[in-house]
Number of protein chains: 2
Amino acid sequence: MKKIEDFKEYLKKISYLGNIRGLVSWDLETKAPENAIESRSKSMAAISELIFNMTVSKEMEEFINYFSSEEIFNTLSEEDKKLVKLEKKEFEKSKKLPVDYIMRMAEATSRAQPAWAEARKKSDFAIFQPHLEKLLGLAKEYTEYIGYNENKYDVFLDEFEPGMKTEDVKKTIETLKNELVPFIQKILDSQNKPNKSLLHGNFEKSKQEELSYKVLKAMNYDFNSGRLDEAAHPFTLRVSPGDVRITTRYREDDFTDSLYSTVHEAGHALYELGLPEKFNELALCSAASYAVHESQSRFWENLVGRNFSFLKFLYSDIKDLFPKYKDISLEEFYKAINFVDRTPIRVDADEVTYNLHIMLRFEIEEALINDRIKVEDLPKVWNEKMKEYVGYEPKNDAEGVLQDVHWSHGSFGYFPSYMIGNLISAQLYYKMLEDIPNFEELLEKGETKPMLDWMRKNVHQEGKLLEPQDLVKKITGNNIDSSCFVKYVKEKYSKIYEI
Amino acid sequence: MKKIEDFKEYLKKISYLGNIRGLVSWDLETKAPENAIESRSKSMAAISELIFNMTVSKEMEEFINYFSSEEIFNTLSEEDKKLVKLEKKEFEKSKKLPVDYIMRMAEATSRAQPAWAEARKKSDFAIFQPHLEKLLGLAKEYTEYIGYNENKYDVFLDEFEPGMKTEDVKKTIETLKNELVPFIQKILDSQNKPNKSLLHGNFEKSKQEELSYKVLKAMNYDFNSGRLDEAAHPFTLRVSPGDVRITTRYREDDFTDSLYSTVHEAGHALYELGLPEKFNELALCSAASYAVHESQSRFWENLVGRNFSFLKFLYSDIKDLFPKYKDISLEEFYKAINFVDRTPIRVDADEVTYNLHIMLRFEIEEALINDRIKVEDLPKVWNEKMKEYVGYEPKNDAEGVLQDVHWSHGSFGYFPSYMIGNLISAQLYYKMLEDIPNFEELLEKGETKPMLDWMRKNVHQEGKLLEPQDLVKKITGNNIDSSCFVKYVKEKYSKIYEI
């Protein structure tokens with residue numbers, strides 16, 4: 001066997017073990033009985049240790065050194081070059097971190113999580129504050145190990161959006177904010193408000209489940225390569241190639257929660273299922289970035305799922321399942337689904353205001369990492385920005401600064417991906433319209449296969465060969481920017497709100 | 001930390017990884033989508049290799065040698081002594097097997113399994129014959145590596161029933177056969193045959209599921225430490241302490257199949273859930289033997305589940321769920337449940353004829369291993385014995401020699417545990433009656449907690465401290481023998497068949 005094949009076999013073995021770890025997580029979130037948790041956390045620790053040891057082993061080091069040497073590297077195919085680069089980057093990062101740092105980090109996050117949960121429950125930031133200070137200190141320490149040129153925040157951004165810089169995000173946000181904030185003001189000033197209350201009622205779980213299966217079928221989600229389960233916080237998990245599972249949650253009083261959770265997660269799953277098989281179990285068989293991943297879930301959730309033509313297709317099923325809609329017109333229903341409002345919670349936000357929630361998180365994170373604000377001032381800063389951007393003043397810490405779990409995991413830099421994903425979804429959408437001019441007509445019939453095929457070909461089949469900026473440029477001819485998204489929301493919501 | 005604690009930590013780590021492997025199996029049998037299989041088999045191989053390496057490592061060897069040295073061994077507690085003995089036995093066995101043997105065995109079984117499946121499908125033993133010859137050769141080779149005194153078959157028996165000898169099984173079978181065969185003849189000659197056909201009908205799966213949950217509740221199965229799922233071949237799996245899962249299967253035309261599968265598997269699960277917590281993740285936290293395990297499942301399935309008083313308790317639920325029983329008396333139903341017949345398939349056999357199916361398997365296995373019969377003669381030998389013991393002549397290989405999967409796994413020596421388990425269940429039953437004289441009264445009310453507590457105290461809490469013979473002796477004062485079982489079936493079936 002050629003040495004590159006040995007290397008790939010080694011990497012695949014790590015992947016096979018990683019897949020099992022994924023399965024354990026899935027089980028814990030969906031199926032495992034309560035009393036399983038204690039032993040399973042030991043299992044997770046044991047297998048994680050084995051995996052980590054393999055990623056920093058002498059054997060791995062030899063592979064990396066061998067294939068990175070100019071002489072050998074130049075003989076590799078383009079794809080193998082990219083693989084070696086990705087593995088080298090990960091390996092070097094792992095090597096840069098002192099073992100005691102990893103242990104301090106693990107300890108700090110394991111303490112911070114219950115503290116955050118308690119703080120949120122009691123709506124008291126002071127409980128979480130010392131933990132966040134500790135985690136912020138560790139995050140800054142991390143940037144020193146990894147190294148950076150301009151902005152410490154680049155270190156985190158790069159983990160989610162390879163190649164992207166803090167300055168890019170700032171510019172994107174600036175133009176987006178300038179367009180969105182006044183537009184949202186117009187929407188909220190409009191007298192033509194949809195009647196959102198018609199979405200509330202009492203919806204049997206089994207009927208909601210039926211609707212989820214119907215919409216998954218319409219999306220061509222393959223049940224031979226996945227399954228749908230219930231989880232408190234919906235997620236998608238690629239256990240392995242040919243096994244990408246989604247979860248949703250059912251609220252008795254609002255069936256749209258499960259419907260759009262299902263569609264959103266299925267969007268993620270379709271991406272994972274469309275990744276190039278030839279790279280199975282290798283790093284190239286991954287999403288280009290978190291934002292590109294989010295562009296897929298958001299495309300299906302919003303640009304398809306909240307589209308008038310698609311709802312026209314779905315509405316007869318909805319009426320069959322939930323008779324209360326028998327006398328409610330599709331137009332009313334569509335408008336209710338697309339209600340825009342100033343709300344405190346990011347995950348409940350509509351597609352127009354959602355990005356504003358992200359902006360303030362990015363600005364706060366970036367300022368924290370660069371010591372321009374202090375942790376103790378967070379509730380104040382948060383609430384001021386919420387008022388300025390979203391127009392809502394949080395009533396307490398629970399519906400303000402404490403709402404997201406990310407920081408309690410010591411995770412910084414993830415939020416921008418949500419927003420960039422929204423922007424990319426709109427860029428892909430307009431490009432798709434050029435290639436599939438009968439987009440609306442197809443959606444009316446529930447035919448989404450051409451859209452999926454388009455994504456497969458343009459996005460999924462690229463795997464992780466390109467960085468997100470290069471991928472978007474290759475597909476659309478443009479850099480990632482907010483113009484398409486702004487165009488999309490203006491077109492759509494001007495009609496709905498008659499402005 | 002004391003060195004014994006280090007040793008236990010090492011063993012626990014192996015257990016934590018083993019638990020994950022168990023979870024992967026569970027998932028494959030119950031939840032995994034079809035396309036998961038290919039990658040998951042690689043995951044299984046990867047983690048199995050890691051586990052195996054840990055069980056034969058230098059570190060393990062050092063622990064074993066250290067604690068087996070007389071000087072150190074004598075300082076250990078009785079429980080730790082037993083642990084060291086168990087681990088030493090396993091370690092030495094692993095060390096005795098040449099690596100090339102393990103690989104030849106793995107290859108032979110991976111070829112034999114599809115061949116067996118095809119042979120069974122086509123009802124053609126010739127397809128399976130060369131594979132079985134190969135596996136038998138490997139099994140005999142195995143006995144040479146492990147070593148034996150009197151009978152090669154002891155090697156296999158010891159893996160399932162530690163300490164038990166082939167001669168013991170032969171004697172047990174002889175007395176059991178002498179009693180059972182004529183008694184079954186009397187049953188079948190009786191004119192008072194139950195009406196078995198009343199068990200057939202059309203039973204909604206969701207109602208059967210409901211019945212399974214009801215009976216599990218009555219058995220005090222703890223859903224915080226387990227769950228019920230569906231599988232083609234029902235099984236119980238201890239993923240870890242606090243997580244013992246059971247599976248059942250639903251046949252639309254016969255609800256008793258799911259009912260008794262559930263009760264049988266729950267019997268296994270209650271044992272696993274009752275093992276001593278202080279030994280969690282160590283070998284002492286295991287069943288005493290496969291037969292003792294089977295004694296638990298059979299106790300709940302037959303001595304409780306097919307008991308008149310318990311059925312009296314359950315029958316109102318059955319009537320509520322399946323209205324066809326509204327006009328059928330409990331007596332008729334009870335007799336139908338306990339119908340005795342000459343049937344070809346072991347897993348469908350009633351509790352009286354079941355042991356005869358086992359006897360012939362044991363006799364054939366033992367003769368094969370000791371070269372007293374040839375593989376090519378198996379169909380003939382099988383059918384002759386079936387006619388002699390069960391009184392049924394198989395119509396073809398599929399309902400004869402090809403019905404069981406065990407040999408295609410290269411597994412010999414397992415069958416006796418089924419029979420011995422039945423015998424033990426009756427021995428425990430009569431001892432329990434002494435301690436719980438109102439047994440029937442309690443069952444009528446569905447109160448099974450006292451029986452479970454009795455099993456917990458007498459059987460479960462012993463873990464693997466004792467060998468099966470010593471355990472039964474400790475509890476009942478007697479060796480394992482067939483007298484209680486014979487007494488039980490004669491008492492019960494003389495009444496049912498009025499003989």
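## Strand β3 of chain A

A residue counts as buried if 20 or more other C-beta atoms, placed from the backbone, lie within 10 Å of its own; with 12 or fewer it is exposed, and in between partly exposed. Helices (H or I, at least four residues) and strands (E, at least two) are DSSP runs, numbered from the N terminus. This is a predicted model, in which local features need pLDDT of at least 70 and side-chain atom pairs pLDDT 80 or more, while totals for chains, interfaces and linings use all residues. Residues are numbered from 1 along each chain as its sequence is written, with chains lettered from A and ligands numbered from 1 in the order written.

Six of the six residues of β3(A), 243-248, are buried, so the strand is largely enclosed by the rest of the structure. A:Asp243, A:Arg245 and A:Thr247 point one way, and A:Val244, A:Ile246 and A:Thr248 the other.

## Its partners

Strands pair if DSSP finds at least two bridges between them. β1(A), residues 228-230, runs parallel to β3(A) over three bridges, and A:Leu228 is partnered with A:Ile246. β2(A), residues 236-240, is antiparallel to β3(A) and joined to it by four bridges. These two strands form a hairpin with two residues between them, and A:Gly242 in the turn has a positive phi of about 80 degrees.

## Helix α6 of chain A

In α6(A), the buried residues are A:Ala112, A:Trp116, A:Ala119 and A:Arg120. A:Ser123, with a positive phi near 55 degrees, follows the helix.

## Where the chains meet
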